[in-house]
Amino acid sequence: MINVVLGTFFGDEGKGKVIDYLSQQSTMAIRCTGGNNAGHTIKVNGKKFAFHLIPSGILNPNAKAVIANGVVIDPKVLVQEITQLKEAGFSVNNLYISDKAHVIMPYHILLDKILEERRGTEKLGTTACGIGPAYCDKYERSGIRMEDFIGDHFSKIALRNIENKNVILEAFGHEKLDANAIIQEYSEYANILKPYVTDTFSLIHDALEKDEKILCEGAQATLLDIDHGTYPYVTSSNPTIGGICAGTGVGAKDIGQVIGVLKAYSSRVGAGPYPTEQDNEIGDKLRELGHEYGSTTGRPRRCGWLDLVALKYAVRINGLTGLAINHLDTIGKLDRIKLCVGYQHGQDITTNYSTNLKFLNDCLPVYEEFEGNFGDISGMKQIMELPIQAQRYLKRIEEFVGVPVRFVGTGPERENMIVRG
Ligand code: GDP
Ligand code: IMO
Ligand code: MG
């Protein structure tokens, strides 16, 4: 059975922390969508680990860590991440990389930056990791897969691709890329990564047949989904449940629990509509209290109230079976808390989300207010121990979406978490 952890809003909900907990009980942890645009932070004994490509589950030495076919891999970043983990004393012997995963090449990163620049005032605010252009090549069928990257024909395919991209780069007024230098540098990365590349499809299915406990680590989040998110302010993959099946090669019958991760407030990095955003002193306070600065780009995150209309949408798309609500400690530092329970659109009040940009820009959130001041909750291990106002807040979220709260984050450290059986 595969249990899945997914982001429900715009990313950075604290998926890494929930994954870290669940992967301790798993024999395999899989990343299956996105690339190094993800930044999953885990704090263990005061030490911070930020994972971009390697599944956070690698911290469990007994679990296989798998980068499956749906991921786009920047080999340079992956080699760096492997080196850093080794330097921190972790073994990467249990890392497996899909032969079908696509490779992010330097021209993808360059094109990501050039295309953003050309959008002028309408920038998407991408992470500039080359994600969009790499997925474009995958779907255009000119991408380089891991099996090609480590194969004898890599230089031939890379040369053809670089020559084609150079035509585009020149048209944009950019100087041409040096194909030989790129091929030489990337062949070195290929040599380092070769021992890890394998048929992850069979690896996953063999584990399923042995009834192993498998965990899928979602990256990005529901509202950044290329189909179901706030297009064009989205990423270029499907971080929702469908992407998990396509990104690993497993069928729906093998999916078990689907845990949706959210914060007790909300945040967004990059541009795009965000009805409950607090572009004011409340948002500033949440940013400072929650240390809301991107783990991939360091950008300040936009912050606002929790939006239950959007959460209901995430529940529907992903078939969530449980919620993990992080940063209850952070929101509990405010005196008063607002929770969005509807959108007023013209004369109507609705609880149905729509990714139509005009709808999102026109609607006004309808709020309910809650008492804050939760005090120090970091050591609490049961929901019943929480102050009554915190319990009321959680209860309202549960009631609204009809999905039970399974985990509550009470601080950034591994043990700052309430787990409900
Ligand atoms: P991810 O991309 O979903 O894995 O989330 P990020 O790691 O990008 O951002 C989440 C941030 O919140 C990280 O800095 C975590 O250390 C921190 N964090 C996670 N859960 C909690 C929590 O319950 N309380 C507090 N204070 N911090 C948390
Ligand atoms: P994790 O896994 C937050 C956002 C970018 C930008 C948009 C498109 O840490 O939750 P891209 O580089 O993907 O083309 O950028 O998507 N974005 C994220 N925001 N957390 C992430 O990942 C993100 N991955 C992409 O900020 O708005
Ligand atoms: Mg993140």
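User: Which residues of H1 are buried?

Analyst: This is a predicted model. Helix H1 spans 15-23. H1 is mostly covered, with eight of its nine residues buried. The buried ones are Lys15, Gly16, Lys17, Val18, Ile19, Asp20, Leu22 and Ser23.

User: What is the distance between an oxygen atom of ligand 2 and an N or O atom in the side chain of Lys15?

Analyst: Lys15 is one of the buried residues of H1. Lys15 is also among the residues that come nearest to ligand 2, along with His40, Thr127, Gln220 and Thr235. From a ligand 2 oxygen to an N or O atom of the Lys15 side chain, the distance is 2.7 Å.

User: Which pocket does ligand 2 take up?

Analyst: Around ligand 2 there are 20 residues. The space that ligand 2 takes is the largest pocket.

User: Which residues coordinate the magnesium ion, and how many residues apart are they?

Analyst: The magnesium ion (ligand 3) is held at 2.0 to 2.2 Å by Asp12 (OD) and Gly39 (O). Asp12 sits in the loop between strand S1 and helix H1, and Gly39 in the loop between strands S2 and S3. The pair, Asp12 and Gly39, links distant parts of the chain, 27 residues apart.

User: Why does Gly39 count as buried?

Analyst: Buried means under 20% relative accessible area. Gly39 falls under that cut-off because its relative accessibility is 9%.

Terms used: Residues are numbered from 1 along each chain as its sequence is written. Chains are lettered from A and ligands numbered from 1 in the order in which they are written. This is a predicted model: local features need pLDDT of at least 70, side-chain atom pairs count only at pLDDT 80 or more; totals for chains, interfaces and linings use all residues. Side-chain values use heavy atoms; hydrogens and water are left out. Donors are N, O and S atoms within 2.8 Å of the metal (3.2 Å for Na, K and Ca); water is not among the atoms, so sites may look incomplete. Helices (H or I, at least four residues) and strands (E, at least two) are DSSP runs, numbered from the N terminus. Buried means under 20% relative accessible area, exposed over 50%, partly exposed in between (1.4 Å probe, protein chains only). A residue is near a molecule or strand if one of its heavy atoms lies within 4 Å of it. A polar contact is a pair of N or O atoms within 3.5 Å; within protein, one must be able to donate a hydrogen and the other to accept it, and residues adjacent in sequence count only if both atoms are side-chain atoms. On a 1 Å grid over the protein atoms alone, a cavity is a set of points where a 1.4 Å probe fits but cannot get out, and a pocket is an open set with protein on both sides within 12 Å along at least five of seven lines; lining residues have an atom within 4 Å of a point. A molecule sits in a cavity or pocket if more than half of its atoms lie within 2 Å of its grid points.
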